[in-house]
Amino acid sequence: MITLHYYDPELGGWQQQHITRLPDTARHTPPLWLDLHSATAAEEQQLLQDLQIAPTMAEDFSRERHPPKFEAQHDFALLILRGYADPDFSEVTQHAQVNLLFSREVLISKVQCPDPALLAQLQPQLGMLNSNQLSDWVKQLLVAVSASYLGKLLSFEDELSEIEDRMLHKGNDELMATMMRYRSVLRKVRRNLAYQKDIFADALYEEQHVLFKHFALADLRDFYEKFERLHSMTEMYYDQLSDLVHGYLSTTSHQINERMKVLTIVSSIFIPLTFLAGVYGMNFRYMPELEAENGYFITLFIMGALGVGSLLWFKFRKWW
């Protein structure tokens, strides 16, 4: 079922009705706002055909998963945005995608979000739209998409500080695995935010960009700053986690090297002693030293001198 919103100046606001196909009379009473959240695939395709949307844009609009994108053909522009639907950054289990097709007179929206709270923010807020400008709801929607990241990034800052304190005092492999999961999620979030930031960066640096037909320069700059700030925060947190991971790996490597150094020193001391013990442990009959009256004590003395000498040498070279 398609939800049709239309602005009625006599009633002083937006009205709505549920339809299965856009009536011919509705096309001549702009502005129109068509919400396809509850529409079937057949109804969606029929509507796109009725409005003569380019096939490539219609295909991108209908996809359930698509990276953020902006494209313009003829009278319509396609804007795909990605919000963040998970409660935290421990793992990515769901996604919020907002697909928009809009012209000066028609807005087609489809919001896919499994989180009811976030879906309520991304759904039409008719009470806040007292004008007949479709761009007003698009601006409201862009703010909602950026807000889906901002609150969770601010909460993650406190969690990241706690992780850093724990790593400095008592790091372990379990905490290391947690940081690796966070890094993986932040990498995906950073990619989505980079796409969305670039959409508005391109608009700001192109004087004849299509988005200038729908938004003022101040609005585009505000959208760019929102996503640029979110992208910067994500990069900063990702870099902090990377530093903690590399620090933990360096500390672990240093500890392993210290243990290996101790084992190497012990081995270096006992290798010559083992050699002497092996030589005099051979059961040959004619060994000159076997008849020496003090041979046993001389051998022990030599072995002791070798061990102490090795320790003093290592100490002199500051190897331990």
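Buried means under 20% relative accessible area, exposed means over 50%, and partly exposed lies in between (1.4 Å probe, protein chains only). The model is predicted: local features need pLDDT of at least 70, side-chain atom pairs count only at pLDDT 80 or more, and totals for chains, interfaces and linings use all residues. Residues are numbered from 1 along each chain as its sequence is written, and side-chain values use heavy atoms, with hydrogens and water left out.

**View 1. The salt bridge between E71 and K69.** A salt bridge is a side-chain nitrogen of Lys or Arg within 4 Å of a carboxyl oxygen of Asp or Glu. The structure holds 6 of them. Here K69 pairs with E71, and the closest N and O atoms are 3.1 Å apart. K69 is partly exposed, at 23% relative accessibility. E71 is buried, at 16%.

**View 2. The salt bridge between D50 and R21.** The closest N and O atoms of this pair are 3.0 Å apart. D50 sits in helix α1 (residues 41-50), and R21 in the loop between β2 (13-19) and β3. The two residues are 29 apart, and the pair links distant parts of the chain. Helices (H or I, at least four residues) and strands (E, at least two) are DSSP runs, numbered from the N terminus. D50 has a relative accessible area of 13%, so this residue counts as buried. R21 has 48% and counts as partly exposed.

View 3. The side chains of D222 and K226 meet at 4.0 Å, N to O. D222 is partly exposed, with a relative accessible area of 32%. K226 is partly exposed too, with 23%. Elsewhere, salt bridges that share partners join D60, K69 and E71 into one network.

**View 4. The largest nonpolar core.** A nonpolar core is a set of buried Ala, Val, Leu, Ile, Met, Phe, Trp, Tyr and Cys residues joined through side-chain atoms within 4.5 Å. The largest one has 57 residues. F89, L100, L122 and L211 touch the most other members. Strands β5 (76-83), β6 (96-102) and β7 (106-112) each give two or more residues to this core, as do helices α3 (116-122), α4, α5 (173-205) and α6. The largest share is that of α4, with 13 residues.

**View 5. The negative surface patch.** Patches are made of residues with over 30% relative accessible area and no salt bridge; like charges are joined within 9 Å, and nonpolar side chains (Val, Leu, Ile, Met, Phe, Trp, Tyr) within 5 Å. Asp and Glu count as negative, Lys and Arg as positive, and His and the chain ends are not counted. The place of a charge is taken as NZ of Lys, CZ of Arg, CG of Asp or CD of Glu. The negative patch gathers D88, E91, E157, D158, E159, E162, E164, D165, E235, D239 and D243. Helices α4 (134-170) and α6 (217-279) are the elements that give two or more residues to the negative patch. The most come from α4, with 6 residues. D158 is found in helix α4. This residue is exposed, with a relative accessible area of 57%.

**View 6. The positive surface patch.** R65, R187, K188 and R191 form a positive patch. R65 is placed in the loop between α2 (55-62) and β4 (69-73).

**View 7. The nonpolar surface patch.** I298, F301, I302 and L306 together have about 390 Å² of accessible area. Accessible areas come from the Shrake-Rupley method with a 1.4 Å probe; for residues, only the protein chains shown count as cover. I302 is found in helix α7 (residues 295-316). Its relative accessible area is 41%, so I302 is partly exposed.

View 8. W33 is found in strand β3 (residues 32-35). W33 is buried, with a relative accessible area of 0%. From W33 to E289 the C-alpha separation is 106 Å, and the two are 256 residues apart in sequence. P114 lies in the loop between β7 and α3. P114 is partly exposed, at 45% relative accessibility.
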